[in-house]
Structure formats: C-alpha cells, structure tokens
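User: I'd like to talk through the charged pairs in this model, and then a bit of the sheet architecture. Could you take me through it step by step?

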Amino acid sequence: MEKGRALARTASAFAPASVGNVGVGFDLLGHALEGIGDRVMATRIAEPIVRVRGITGVVTDLPFDAENNTAARAVAAWRAALDLDFGVELEIDKGIPLGSGLGGSAASATAALTAANALLAEPLTPAQLYPYALEGERAASGSLHGDNVGPQLLGGLVLATPDRLVPIPVPPGLIAVLVHPHFVLETRKAREALRGVFALSEFVAQSEGLALVLAGCYTSSFELIRRGLRDVLVEPRRSSLIPGFAAVKQAALDAGALGASISGAGPSVFAWFEQRDAATAAGEAMSAAFAEAGLASDILISAVANSGASVISRSE
C-alpha cells in the first residue's frame with residue numbers, strides 16, 4: 001500500500017467501554033457504553049517503530065512491548081499495513097479496569113488506533129480500522145473476536161464478524177444497566193470454562209435467541225427482544241465464576257428487564273430495559289445482590305445507542 005502522509009504531530013482519542021456478547025451473540029454482538037473509557041495520545045516520531053511511553057489510570061501494570069500491549073499491537077499492525085515511513089509513540093490513560101467484562105483491553109486498542117489514524121492527512125474510516133483492532137485484541141485474549149472493538153469503533157449495537165462490522169438499529173429508548181463488581185475475572189480464565197462439548201440443542205436455542213433479538217431490534221419490538229435475550233450456551237458455564245451471579249440476574253429480571261446476562265467474559269452483569277427509571281432501580285437492586293455476596297460494585301446506566309470512539313484533540 002502506498003505510504004500515508006502524516007499531517008498532525010499528536011492526536012488524542014477516547015474509546016468507550018462496551019458490553020461484549022450481549023448474552024446471545026458470543027464473540028459476535030456488542031454495544032458501546034456511556035461514561036467510562038480509555039484515552040490514548042499518539043505522537044508521530046521519526047523512528048519507524050511503535051512504542052508505549054507511559055501508562056496511567058486505573059491500571060498501570062500492563063506490558064509495554066508492542067507484541068503484548070493491545071494498543072501498541074493494533075497500531076503496529078495498522079502502521080505495517082499502510083507502509084508508513086514514521087513511527088508512533090503512545091501514552092495510555094486507562095479508565096476501564098481489566099478483567100471487568102467492560103472491554104478494557106479492546107478500548108486501549110481502539111483508542112490508540114483512532115488517535116494514530118488521526119495523524120494521517122487522509123485517515124481511514126472506523127470500519128477500515130477494524131482488522132487492526134482485532135489484532136490488538138488478540139494480545140489480550142489470544143483470539144480474534146470483534147464484539148468489543150466493533151461497537152467501540154462504530155458506536156451503538158454492532159454485529160462483528162471476522163471480516164466486517166454490521167451496525168444494528170435499536171428501538172428508541174432502549175437502555176442498558178451494567179453493574180461491575182469489584183472483582184477481577186481474567187478473560188483467558190473465562191474462556192477456559194467453555195472447554196468441552198456443547199449439545200446441538202443448545203446451539204439451536206442460542207441461534208433462536210440471537211435471531212429474535214436481531215429481529216426485535218430491526219422491527220423495534222421489545223417483545224421479540226424479551227423472548228430472545230437469554231444465554232443458554234455460555235452463561236451456564238461461566239456463572240459459577242461470578243459470586244452472587246444468580247441473585248444479581250434475578251434482581252434485574254424482577255425489576256422488569258428484557259433480559260440479563262454476563263457482560264463479555266464477566267464479572268460485570270448487564271440488563272436491557274425499556275425505561276431509564278426501571279434500569280436505575282434495577283441497578284440498585286443488582287448492586288445490593290452483589291453486596292450480599294460480599295462484593296462492592298459500580299452501577300452504570302447507558303443508552304444502547306451510544307457513541308463510539310472519537311478524536312479528542314489534534315495538533316500539527
């Protein structure tokens with residue numbers, strides 16, 4: 001590919017947290033969240049490499065090398081694909097705790113790509129950044145899955161296949177509540193729980209749920225979403241890794257949730273609602289259930305149709 005021309009010297013970007021899987025769409029479906037996220041500053045350097053200058057925020061004990069740091073790995077893949085004649089130095093400010101089920105490793109990659117891309121005179125589109133974000137995600141989870149980086153790039157609810165991103169419309173007013181317990185569950189450990197044989201009937205039931213949720217989103221039918229939003233494939237194998245999960249989920253359902261499940265690999269739990277007031281009340285009940293299990297927690301209320309990554313600043 002022809003070398004891209006740099007226009008800016010520095011750029012900063014923000015990428016939001018996200019709900020991965022959304023219960024029915026393991027490794028395929030995710031949506032962005034309001035509020036917390038990661039910020040990354042990218043600086044153009046003469047040396048043709050990608051390096052991490054510093055890491056601040058709620059997590060600082062992260063790899064600095066480009067192979068194992070999600071942000072650096074994503075930008076390195078982007079830089080190599082574009083055959084750029086300059087390098088990039090990254091400063092990462094973590095707003096998302098790792099092992100939280102909020103897409104923290106993905107957000108670093110997405111924010112870094114968005115910032116580095118803003119250095120170009122002709123930046124790629126968010127969708128064109130997708131393969132490089134996937135490569136960054138591989139550094140954290142060991143696999144290529146776009147259910148976090150996809151919605152972080154585009155915003156809203158996104159179906160993320162290995163080679164494309166499909167924005168999914170959502171009914172007006174669809175609200176998510178997410179409760180994050182102060183407990184770390186590593187993505188790789190959560191994936192280990194999925195080893196073993198799955199029954200064909202489980203795949204059929206899960207496919208039905210995904211189809212109903214997508215149909216409900218396209219037709220603005222809360223009833224179809226309610227019928228489909230349940231995870232019969234992954235949740236049963238991971239729920240025991242999250243203290244108090246059953247009670248937390250039940251608290252959401254008792255408050256009128258369309259459905260509730262594990263956010264990403266966990267331990268955060270999300271639920272969808274038709275009304276913000278109901279979501280707010282559910283968040284308090286879910287947090288109380290985590291407290292009964294001995295865990296403090298944070299509550300986040302967010303529209304499902306939230307914005308994706310954005311450039312904060314840019315200087316020449």
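Analyst: Let me begin with one pair in this predicted model: Lys-249 and Glu-235 form a salt bridge in which the closest N and O atoms are 2.8 Å apart.

User: OK, how many salt bridges does a search of the whole structure find?

Analyst: The search of the whole structure gives 14 salt bridges. Among them is the one between the side chains of Glu-89 and Arg-51, with an N to O distance of 2.9 Å. Glu-89 sits in strand β4 (residues 87-94) and Arg-51 in strand β3 (residues 50-57), so this pair connects parts that are 38 residues apart in sequence.

User: What about the accessibility of Glu-89? And of Arg-51?

Analyst: Glu-89 counts as buried because its relative accessibility is 11%, which falls under the 20% cut-off. Arg-51, at 32% relative accessibility, counts as partly exposed.

User: Which residue does Glu-91 form a salt bridge with?

Analyst: Glu-91 forms a salt bridge with Arg-53, and the closest N and O atoms of that pair are 3.7 Å apart. This pair also links distant parts of the chain, with Glu-91 in strand β4 and Arg-53 in strand β3, 38 residues apart. Glu-91 is partly exposed, with a relative accessible area of 30%, while Arg-53 is exposed, with a relative accessible area of 57%.

User: Which residues do salt bridges that share partners join into one network?

Analyst: That network is made up of Glu-47, Arg-51, Arg-53, Glu-89 and Glu-91.

User: Switching to the sheet: what order do the four strands have?

Analyst: The four strands form an open sheet in the order β8-β9-β7-β10, and their pairing is antiparallel. Strands β8 (259-262) and β10 (297-303) are at the edges with a single partner strand each, so one side of each has no neighbour in the sheet. From one strand to the next, the twist averages 20°.

User: How many bridges join β8 to β9?

Analyst: Four bridges join β8 to β9 (residues 269-273), and these two strands run antiparallel. Within that pairing, Ala-260 stands opposite Ala-271 in β9.

User: Which helix packs on the sheet there?

Analyst: Helix α9 (residues 245-254) packs on the sheet and touches β8 and β9, its direction making about 155° with that of β8.

How values were computed:
Residues are numbered from 1 along each chain as its sequence is written. This is a predicted model: local features need pLDDT of at least 70, side-chain atom pairs count only at pLDDT 80 or more; totals for chains, interfaces and linings use all residues. Side-chain values use heavy atoms; hydrogens and water are left out. Two strands pair if DSSP finds at least two bridges between them. Axes are lines fitted to C-alpha atoms, for helices over the stretch in contact, and angles run from 0 to 180 degrees between N-to-C directions. Contact means heavy atoms within 4.5 Å. A salt bridge is a side-chain nitrogen of Lys or Arg within 4 Å of a carboxyl oxygen of Asp or Glu. Buried means under 20% relative accessible area, exposed over 50%, partly exposed in between (1.4 Å probe, protein chains only).
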